[in-house]
Amino acid sequence: MTADASRGAEAPPELVQLLTPEGERVAHPDYDIDLTPEEVRGLYRDLVLVRRVDLEAVALQRQGELGLWASLLGQEAAQIGSGRALTGADMAFPTYREHGVAWCRGVDPVNLLGLFRGVNHGGWDPAEHNFHLYTIVIGSQTLHAVGYAMGIQRDGAVGEDGAASIVYFGDGATSQGDVNESFIWASVFNAPVVFFCQNNQWAISEPLEKQSRIPLYRRASGFGFPGIRVDGNDVFACLAVTRKALADARSGQGPVLIEAYTYRMGAHTTSDDPTRYRLADELEAWKLKDPIERVKAYLVRNSLADQEFFEAIDAEADELGKDMRRRCLAMPDPRPLEIFDHVYAEPHRLVEAERAEFAAYLAGFENEGVEG
Ligand SMILES: Cc1ncc(C[n+]2csc(CCOP(=O)(O)OP(=O)(O)O)c2C)c(N)n1
Ligand SMILES: [Mg+2]
């Protein structure tokens with residue numbers, strides 16, 4: 001049997017879905033969820049507002065106000081569903097694309113822009129929001145999340161009222177050593193961590209089939225913990241599956257790998273041009289599975305929201321976009337010497353020497369108004 005034939009012979013992977021692309025509610029024996037109309041309207045609002053945050057950021061980058069932006073377009077349900085499953089005590093470790101999770105953690109969208117505008121190294125206090133800083137080094141945050149989860153265990157903060165950590169990473173990241181090491185540590189120490197992989201089908205220009213010959217969620221079994229694949233464009237299913245995984249982790253049942261099967265509808269970042277490596281019909285097919293449209297269809301189908309509601313959300317999104325833009329442009333440039341302030345918590349000899357050297361260099365511009 002050739003490798004390709006064996007790949008084609010794979011049984012279709014199970015996908016947990018509670019809301020079809022047409023907005024029809026479907027049942028699932030293990031992952032059902034009861035949501036009030038108010039909660040569904042709340043999820044819809046989250047989805048629309050984070051999409052607007054993202055679109056505004058892309059526009060700001062295109063106008064030269066940000067150096068770069070990594071769009072979440074198409075991944076809103078995976079992020080809002082999982083983000084809304086978290087309790088205040090849980091700790092989240094993002095990549096650079098988790099703007100929807102940041103929203104759920106109460107991070108001001110303007111604070112997401114600082115890093116991409118080059119005016120700070122992060123923009124929020126991770127301890128205040130239980131949301132770690134964005135991580136660019138692919139996969140490294142999985143180790144941080146497992147370490148944090150082992151800390152939760154050692155502090156005895158487990159049980160129903162306890163905490164878990166959740167870590168976000170992409171399909172490409174699953175090929176990194178760090179991610180595989182983190183799976184081993186989490187498994188053998190039974191750490192309360194949820195691995196949330198957004199399989200958006202691409203790692204820049206590398207397609208999924210260059211990362212794995214088996215569905216990603218099945219990797220977990222080789223490490224000794226459960227893996228589950230969820231429709232990443234279905235906010236109900238993402239919420240239900242993540243809620244259960246977190247509850248299991250908190251109650252001492254160890255890690256879970258969730259593969260949220262989704263699609264990156266935009267470019268990898270604003271520096272990327274996906275028309276160079278993927279076909280337009282792929283995007284068109286995924287547009288039919290849009291995570292926002294199906295919630296809207298569900299609300300309309302069940303008479304849970306009227307035109308006035310949708311218009312009010314759109315107006316709120318417009319306001320949010322305007323406010324973000326205004327405050328982004330008003331962000332002050334940092335003092336050049338600030339770059340040395342957050343390297344270590346304690347003063348460090350080498351950093352201090354470098355700071356002095358750079359201060360002396362800047363002093364050479366004194367007459368030109370450059371301040372340290
Ligand atoms: C250790 C490391 N290697 C390479 C890169 C360059 N890089 C940035 S994003 C990316 C692809 C990541 O793909 P995936 O994990 O699928 O996440 P996605 O961007 O699709 O959300 C790569 C290779 C990096 N940032 N860090
Ligand atoms: Mg990817």
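Which residue has a backbone N or O atom 3.1 Å from a nitrogen atom of ligand 1? That residue is I138. Before going on, please note that this is a predicted model.

Y96 uses a polar side-chain atom, 2.6 Å from an oxygen atom of ligand 1. W202 uses a backbone N or O atom, and the distance to an oxygen atom of ligand 1 is 2.8 Å. On its own, ligand 1 exposes 590 Å², of which the protein buries 71%.

Now the surroundings. Ligand 1 has 15 residues around it, and Y96, R97, G172, A173 and W202 are the closest. By type, the shell has 8 nonpolar, 5 polar and 2 charged residues.

Next, the aromatic rings. The count is 24 aromatic pairs. One of them is W69 with F116, an edge-to-face pair with 4.8 Å between centres and 65° between planes. W69 sits in the loop between α2 and α3, while F116 belongs to helix α5, so the pair ties together parts 47 residues apart in sequence. W69 is buried, at 0% relative accessible area. F116 is buried as well, at 8%. W69 and F116 also belong to a cluster linked by ring pairs, together with W124, F131 and Y134.

A second pair is Y263 and W286. Their planes are at 10° and the ring centres 5.2 Å apart, so this pair is stacked. Y263 is in the loop between β7 and α11, and W286 is in helix α11. Both residues are buried.

Last, two lysines. K289 lies over the face of W286, 4.3 Å from the ring centre. K296 lies over the face of F310, at 4.9 Å.

Note on methods:
Residues numbered from 1 in each chain as written. Chains lettered and ligands numbered in written order. Predicted model: local features only at pLDDT ≥ 70, side-chain atom pairs only at ≥ 80, totals over all residues. Heavy atoms only, no water. Near = heavy atom within 4 Å. Polar contact = N/O pair within 3.5 Å; in protein donor to acceptor, adjacent residues only side chain to side chain. Areas by Shrake-Rupley, 256 points an atom, 1.4 Å probe, with all protein chains shown as cover. Nonpolar A, V, L, I, M, F, W, Y, C, P; charged D, E, K, R; others polar. Phe/Tyr/Trp six-rings, centres within 6.5 Å; stacked < 30°, edge-to-face > 60°. Helix = DSSP H or I, 4+ residues; strand = E, 2+ residues; numbered from the N terminus. Buried < 20%, exposed > 50% of the residue type's maximum accessible area, 1.4 Å probe, protein only. Lys NZ or Arg CZ within 6 Å of the ring centre and 35° of its normal.
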